Amino acid sequence: MIVGTIGFLSACKDDSSSTPAATDANTENSSSGVRMNEVQYLGTHNSYHPKPPDDVVFIANNLGLLPEAYADAIRDTKIDLIIPTLEYRHSSLTEQFEAQGIRQIELDVFLDPDGGRYANRSVLALLGKDPASGIAELNQPGLKVLHIQEIDYESTCYTFILCLSEIKTWSDSNPNHLPITVLIEAKDEVIPDPGIGFAIPLPFDADGLNEIDEEIRSVFPDSKLITPDSVRGDASTLEEAILTQGWPLLSDARGKIMFALDNNNAARTLYIEGHPSLSGRVMFTDSAPGTPEAAFTKFNNPVSNFDSIKDLSKRGYLVRTRADADTNEAKENNTMRQEDAFNSGAHFISTDYPVPDDRPEFNNYSVSIPGGGIARCNPVSASNACDDNAL
């Protein structure tokens, strides 16, 4: 567990607000020659996700919200069972950056151009409760941040702008921080409405994907962003740039934010369309090696994809993987997956447990960077210039 003032890498020093700010010269010297893909960071999955709602209601088995095994949990119209896979909880983004050393986060966004689409939790009417959330931010137009409409709808920052502003505020106060990567999932999956007014997500078309870029740029100036254009430079494609010229130096990436689109479906195709090698775009995409926009990719399972992750990391791609999923590792107190994640050379190791969960069923399970710092030199992709002996 990383708390308070955190140790630093001699080649990869990170300054929090509780640590005296380094001079530009000292920062540059401490990471001279080290590139941003030579470092391994800790991340969080669904980083906005607090404790699930006290009342998670499942209307009927035929809605497909739960497997049949949960049918006996339906008693009259009230179900007080929380989906087991949702039983993880994160603190605020600020707390994650400041006290837990997190440098990669994940946000899910829903379109809401007129505002109010997610202001009501219609399912609560079945409990005899007022479905109105009373949350003013949910009535504002713009992208909303939540996990599953009507089921898992709480968030530590309800709008995308609020989340982005929180990131920027912390970043501005810690200008020498290691680069932060923000994974964005554009969500529009529909949960069938049983006739009580479920919120129906709007599909992410080209305009909706453009809105993600627009909201990011409304908060962050270009000088704070690591974009495909800034990485590509004068190379013919983004992939050529990262394979031949490499990623930016860590000293140049400090204090900056990188965004990546999590989707690898039609949304990714639409986002790339008209933007060769992601020209003009804010976000990188989870694109297959061999394509012009390939630079970042993800494999959720580091056990079955260990060799692929290691190969891509060694070749120069940035890779994200997960140390745990669906609360399984925590409940089984199984660390095999996280060990493979770190050893694979993935750059972003995402977890639901950056600090121990003290509930008995979770065995105080947690994930932290080996050695206890904010980051370490990547065991696969780091060069000799990267040195973590000073942790």
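Predicted model: local features only at pLDDT ≥ 70, side-chain atom pairs only at ≥ 80, totals over all residues.
The protein has 391 residues, and 54% of them count as buried. Its secondary structure consists of eleven helices and eleven strands. Among contacts with a separation of 6 or more, 73% are between residues 24 or more positions apart.

Strand β6, which covers residues 257–261, is mostly covered, with five of its five residues buried. Ile257, Phe259 and Leu261 lie on one side of β6, Met258 and Ala260 lie on the other, and all of these are buried, leaving both faces covered. In a regular strand, side chains alternate between the two faces of the sheet. Strand β4 (residues 180–186) runs parallel to β6 and is joined to it by five bridges. Within this pairing, Val182 has Phe259 of β6 as its bridge partner. Strand β5 (residues 225–226) is also parallel to β6, with two bridges between them. Here Leu225 stands opposite Ile257. A further parallel pairing, of three bridges, joins β6 to strand β7 (residues 283–285). In that case Leu261 is the bridge partner of Thr285 in β7.

Strand β10 likewise has buried residues pointing in both directions: Phe348 and Ser350 point one way, Ile349 and Thr351 point the other way, and all are buried. Four bridges connect β10 with strand β1 (residues 39–44) in the parallel sense. Ile349 of β10 stands opposite Thr321.

Helix α4 comprises the 14 residues 206–219. At 1.5 Å a residue, α4 should span 20 Å, and its end C-alpha atoms are 21 Å apart, which agrees with that expectation. The N-terminal end of α4 is capped by Asp205, which has a side-chain oxygen 3.2 Å from the backbone nitrogen of Asp207. The buried residues of α4 are Gly208, Leu209, Glu211, Ile212, Asp213, Glu215, Ile216 and Val219. An α-helix has 3.6 residues a turn, so residues three or four places apart point the same way. The buried set of α4 includes Leu209, Ile212, Ile216 and Val219.

Helix α5 (residues 228–232) contains Arg232. Arg232 counts as buried because its relative accessibility is 11%, and buried means under 20%. Its side chain makes a polar contact of 2.6 Å with the side chain of Asp229. When neighbours within four places in sequence are left aside, Arg232 is in contact with Thr237, Leu238, Ala241 and Gln245, as well as with Ser277, Leu278 and Ser279.

The structure holds seven aromatic pairs. In one of them, the ring centres of Phe110 and Tyr118 are 5.4 Å apart and the planes meet at 65°, so this pair is edge-to-face. Both Phe110 and Tyr118 are buried. Another pair is formed by Tyr353 and Tyr365, with ring centres 5.4 Å apart and planes at 90°, so it too is edge-to-face. Tyr353 and Tyr365 are twelve residues apart, and each is found in the loop between β10 (348–351) and β11 (375–377). The relative accessible area of Tyr353 is 2%, so this residue is buried. Tyr365 also counts as buried, at 2% relative accessibility. Ring pairs link Tyr353 and Tyr365 with Phe362 into a cluster. A ring is also involved in the placement of Arg281, which lies over the face of Tyr271 at 4.0 Å from the ring centre.

Leu124 is located in the loop between β2 (104–110) and β3 (144–145). The C-alpha atom of Leu124 is separated by 8.4 Å from that of Glu150, although the two residues are 26 residues apart along the chain.

Definitions and conventions
Residues numbered from 1 in each chain as written. Heavy atoms only, no water. Expected span 1.5 Å × (residues − 1). Buried < 20%, exposed > 50% of the residue type's maximum accessible area, 1.4 Å probe, protein only. Polar contact = N/O pair within 3.5 Å; in protein donor to acceptor, adjacent residues only side chain to side chain. Phe/Tyr/Trp six-rings, centres within 6.5 Å; stacked < 30°, edge-to-face > 60°. Lys NZ or Arg CZ within 6 Å of the ring centre and 35° of its normal. Pairing = 2+ DSSP bridges. Contact = heavy atoms within 4.5 Å.
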